[in-house]
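Try each task before you read its solution.

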Amino acid sequence: MSNNEIAILGVGMHPWGKWGKNFVEYGVAAARSALQDAGVPWRDVRFVSGGGTVRCGYPGYVAGATFAQALGWQGAEVNTSYAACASGSQALAAARAKILSGACDVALVVGADTTPKGFLKPADGERPDDPDWVRFRLGITNPTYFALYARRRMEVYGDTPADFAAVKVKNAAHGFTNPNARYKKKFSAEDVAASAMVADPLRLMDICATSDGGAAMIVSSLDYARKIGKGDAPRIAAISTVTPTFASELVEMPDIATDSAVAAEARPFRAALPAKAYEEAGIGPEDISLAEVYDLSTALELDWIEDLQLCARGEAAALTRADETSVGGRIPINASGGLACFGEAVPAQALAQVCELTWQLRGQAGERQVAGAKVGITANQGLFGHGSSVIVKA
Amino acid sequence: MNAPIIEGLFSVDAAEPALLGSRCSACGTYYFPKQSNYCRNPDCDSERFDEVPLSRSGTLWSFTNACYQPPAPYVAEEPFEPYAIAAVKLEREQMIVLGQVVKGVGVDDLAAGMTMRLVLEDVPGVDGERVTWKWQPVEGA
Ligand SMILES: [Zn+2]
């Protein structure tokens, strides 16, 4: 499978937070940091691939070109990918395709965002043809979906709110020393239990915040990496961005009903994302050293652990209780601190996960370092059947 | 009876309210909200649908509540009262449908597997009262 691989020469981020700057500043800071980390001159980058930003008006829709202009036009080819929470992975997939086809040697992949305060919500106006508008009119916000999945775990596996809180406590401890995290504070189970109920059984501290942030990476062909003396750089071994398969088993944001499973079997979506990545990389869950997963809610992290096949169905809470998903445990999850410590910056988040794996596989993650990390996997999912899973090998 | 919160999603019939779905005339797949253009089953290319009322009861798949007031286009009661939300699995249609739970029933009153039935309840609209569907636990089921 090695003929499908590309090298990660450099990674960079702008710290997450509410900084009040334009999204371009976050992306450029992350890109400059990645270029410096790679030791690659900006003029050598022949493809700029941006994750689309949508809440910032016109420039956001052309993120790739916006970043290319800010860094200084130098005639590179350009691309923008919009895929909700998988935008960064799709931008990375576009760069990989260019490199593997031989159309370019080295590419910049970048995503950045600013987010409004409070609930994410649909555009104004009376728009009953838009499923996102319909569900908000009915009083069904994003935390509703996270809570329905959380409650389902309680009903089927006997998970408790304390199991969910344990995820927050662990991720907060992981992110405590991460310089790019927005929240650097340790929390106790009591702190989580004392926070306001948002969507029963999920409390404020079970649900991730929104943030500003940026992430970027420089990727190249293996030949180029060897040529500049970076033949041992971490490699992308798989990028999965598959859609769900009809009939989708769970009621997915923003729909108010599932597909009917009368004519086709109901199938899970989340598990399909890593399954394709494992197949593409030619490895299995037993090869994974650590995972960065989309903890939009604490309970959702437990779903992901099982969807990634890192334990059997229903056993993720026990795995977490036994500290096996902490740094130092059998399979550390969200060593970066995850969304619990970063918050969501949609077009940057899937790339931020890959940045963390890169630092971990290079042994540069400081106090949150996973000892002997060899292979990492990411997973995320967003609106309208978008999701992704990326595998990085040392 | 007040006008529906969103036109075309359900029948405003106090005695026998029902969500208005559609059914592919070739493969039998149900849709809610209605689908009338193309079947989403990848093995079916039908463009013919029958409008059908969906089952008026099902089993509770999962549930939660909304403790914070959602943003527009939601129109909240003043003052805001938290409400429960149900995900109900319809046996015949093999699908899960979301909706609010009737007033006065909270998450402590609910458990997965309960039988839920569809009822109508008034809710505020931007210019006066509207009516919507809600799920209600069936006593003794
Ligand atoms: Zn059909």
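Rings of Phe, Tyr and Trp (its six-membered ring) pair if their centres lie within 6.5 Å; planes under 30 degrees apart are stacked, over 60 edge-to-face, and the rest tilted. By this rule there are seven aromatic pairs over all chains.

This is a predicted model: local features need pLDDT of at least 70, side-chain atom pairs count only at pLDDT 80 or more, and totals for chains, interfaces and linings use all residues. Residues are numbered from 1 along each chain as its sequence is written, chains are lettered from A and ligands numbered from 1 in written order, and side-chain values use heavy atoms, without hydrogens and water.

**Exercise 1.** Classify the pair Phe23(A) and Phe67(A).

*Solution.* Step two: find the elements, which are DSSP runs numbered from the N terminus (helices: H or I, at least four residues; strands: E, at least two). Phe23(A) is in helix α1 (residues 23-38) of chain A, and Phe67(A) is in helix α3 (residues 63-71) of chain A, 44 residues apart. Step three: check burial (buried is under 20% relative accessible area, exposed over 50%, partly exposed in between; 1.4 Å probe, protein chains only). Phe23(A) is buried at 2%. Phe67(A) is buried at 0%.

**Exercise 2.** Do likewise for Tyr31(B) and Phe49(B).

*Solution.* Step one: the pair is edge-to-face, with 5.9 Å between centres and 75 degrees between planes. Step two: Tyr31(B) is in strand β3 (residues 30-31) of chain B, and Phe49(B) is in strand β4 (residues 49-53) of chain B. Step three: Tyr31(B) is buried at 2% relative accessibility, and Phe49(B) is buried at 17%.
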